[in-house]
Amino acid sequence: MADARSALGIEGIVSEPGSRKPDPVLMADGITRHFGGVTAVDVSHVEFQRGQITALIGPNGAGKTTFFNLLTGFDKPNTGTWEFNGKSLVGVPPHRVSRMGMVRTFQLTKSLTKLTVIENMRLGASGQRGEKFLPALVRSMWSKQEDEITERADELLQRFKLDHMRDEFAGSLSGGQRKLLEMARALMSAPELIMLDEPMAGVNPALTQSLLGHVKSLREDGMSVVFVEHDMDVVHDISDWVVVMAEGRVIAEGTPTDIGRNQDVIDAYLGTHHGQDLHPEIAKATAARDELLAAGDDVDIADLPHSELPTEVPAEPTDEESSPDGDAADGAPSDGAPSDGEDTP
Amino acid sequence: MRDDLLLEARGIVAGYVPEVDILGGCDIDLHPAELVGIIGPNGAGKSTLLKSLFGLIPVRSGTVELRIPGTDGEPEQVVDIAQRKAHELVKLGVGFVPQTENVFATLTVKENMEMGAFLAPSKVEERFQNVVELFPRLGERASQQAGSLSGGERQMVAMGRALMMDPRVLLLDEPSDGLSPAFQDDVFVNCRRINSVGVSIIMVEQNARRCLQVADRAYVLDQGTNAYTGTGQELLHDPKVIELYLGTLARGLID
């Protein structure tokens, strides 16, 4: 494994967000995407090395799928440029992106359930002569190409062990088989780069291993793979390189081993302390609760005399430079107000 | 059921699709006036567990017992709530705050509160005052449309609405979800403030560290079962918890 990795040229790459790669297949610069006031993606620079399996990970809501949609033309960023094989993809619609050799799959599979498996596969091939109106009327103009496509489709079905389902409706496949079909269909366009959105999600454990094997075999066939995944064991098992996103930004990059030790990554998954110490407020409220418990049986809001409520918490952290929005802390000032003492009701 | 408990869930099996169990037998204890956290990686079953406690999804096997304290004349009783519907649980003193879309956006804050007291219309004013004591902000915004509030305030509305029925137990599904860090902190403090008046809380959270900082005790779920449990402080410093989140990626940390 170690020499396979050095053969891939990882050793020269620095483990830091936005690091340069010797031969990037895909790179993005200054990509931002806002939804209303929320910045879903804010990636200043990222490169994906050719011939590698790169995992894109991050906690829920990190913007991984949004970033995927932007790179593949399914969504448009507010700012930014990105290129595939040195060609700009700005404004290129998804079907052209896929013809250029960069194809994606979806987290929730997009198989056409009322078509058979083989028909779904044939649809994945691009540049079909029969797609044009007039030639479509003359079978001899496209039948040979269709045979070739079918042959290729059958080979892929065999490889993905779906050949026994060839003539079944795609709708009758299990979740895991649909994932396989999704991946096999993506390969029909003979891509250079394949982007997999959660390929293992919803797949039963028995199929996971074979799916993993398929992903690895894509790399062996010379393709580059970028995939979004939540299962860390999968990430550890198959990826050469890991890019970590959190809150829309790329916060870390490195080999799986580097990433597991990265404090920023651990913070992103487990939640950070945000610098603000909650402790005084928590302690005050906890003390109030403990007093209640000591006093006896269960008490609810209605029974509670108003003076026993802890004082209102300031809405914003007072000592930080960050003030998320204008309205200042209202409500009662917290304790320590210098007013003249203990004659409150 | 143990004497010191308010709620005791044993061996909860539940799921959405027939024959696929998301929870493979979870246990949860809740003491009176306790704040309990439930954390775990994606897909661990945290929200599923909370929904099954509240009768939103059927419990396939297992028991959930709730102690109903005696009121004048009536003796204390223990009820198995595993097969009860959500509205019955509200009557029994259990409140629930969903993870997202948890306010009526086109209604005002006050109207949202009235919806919360649907089962006790005569008590709306009195209870609204109680909620405003806890969240003065809701009083200031009483006539404003809930949809026009900030995310943090909306979360306050959702919690306030659940408190309108005077619950003994409050179930919170990822209250910090989708909020900016400063607002998240407010939510955690607010949970403690609600708890400080004697309401017992079970809180599911994705921000594991904050949750552990705030909670008295916590359960760490993994793949639908209890993985670890302990006090918030114990778990906060337990490397096994990190490993659960980062899987084999974090192997280096443990050795």
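This is a predicted model: local features need pLDDT of at least 70, side-chain atom pairs count only at pLDDT 80 or more; totals for chains, interfaces and linings use all residues.
Local features are reported at pLDDT of at least 70 and side-chain atom pairs at pLDDT 80 or more, while totals for chains, interfaces and linings use all residues. Residues are numbered from 1 along each chain as its sequence is written, chains are lettered from A, and side-chain values use heavy atoms, with hydrogens and water left out.

Rolling a probe the size of a water molecule over the atoms shows where empty space is left. A cavity is a set of points, on a 1 Å grid over the protein atoms alone, where a 1.4 Å probe fits but cannot get out, and its lining residues have an atom within 4 Å of a point. One cavity of 30 Å³ or more was counted, and the largest cavity holds about 40 Å³ of space. Its lining includes A:Thr105, A:Phe106, A:Lys179, A:Glu182 and A:Pro199. Helix α7 (175–187) and strand β7 (193–197) of chain A each give two or more residues to this lining, and the largest share, three residues, comes from α7(A). Helices (H or I, at least four residues) and strands (E, at least two) are DSSP runs, numbered from the N terminus.

A:Glu182, one of the lining residues, also takes part in a salt bridge with A:Arg185, with the closest N and O atoms 3.4 Å apart. A salt bridge is a side-chain nitrogen of Lys or Arg within 4 Å of a carboxyl oxygen of Asp or Glu. The two residues are separated by about one helical turn, because they stand three residues apart in helix α7 of chain A. A:Glu182 is buried at 5% relative accessibility, and A:Arg185 is buried at 15%; buried means under 20% relative accessible area, exposed over 50%, and partly exposed in between (1.4 Å probe, protein chains only).

Over all chains, the structure holds 31 salt bridges. Another of them joins A:Asp221 and A:Arg159 (3.2 Å, N to O). This pair links distant parts of the chain, 62 residues apart: A:Asp221 is in the loop between α8 (205–220) and β8 (224–228), and A:Arg159 is in helix α6. A:Asp221 is partly exposed at 46%, as is A:Arg159 at 28%.

In chain B, B:Asp29 pairs with B:Arg2 at 3.5 Å between the closest N and O atoms. B:Asp29 lies in strand β2 (residues 23–30) and B:Arg2 in the segment before β1 (7–14), so the bridge ties together parts that are 27 residues apart in sequence.

Methods. On a 1 Å grid over the protein atoms alone, a cavity is a set of points where a 1.4 Å probe fits but cannot get out, and a pocket is an open set with protein on both sides within 12 Å along at least five of seven lines; lining residues have an atom within 4 Å of a point. Grid points are joined across faces, edges and corners, and a volume is the space filled by probe spheres set on the points.
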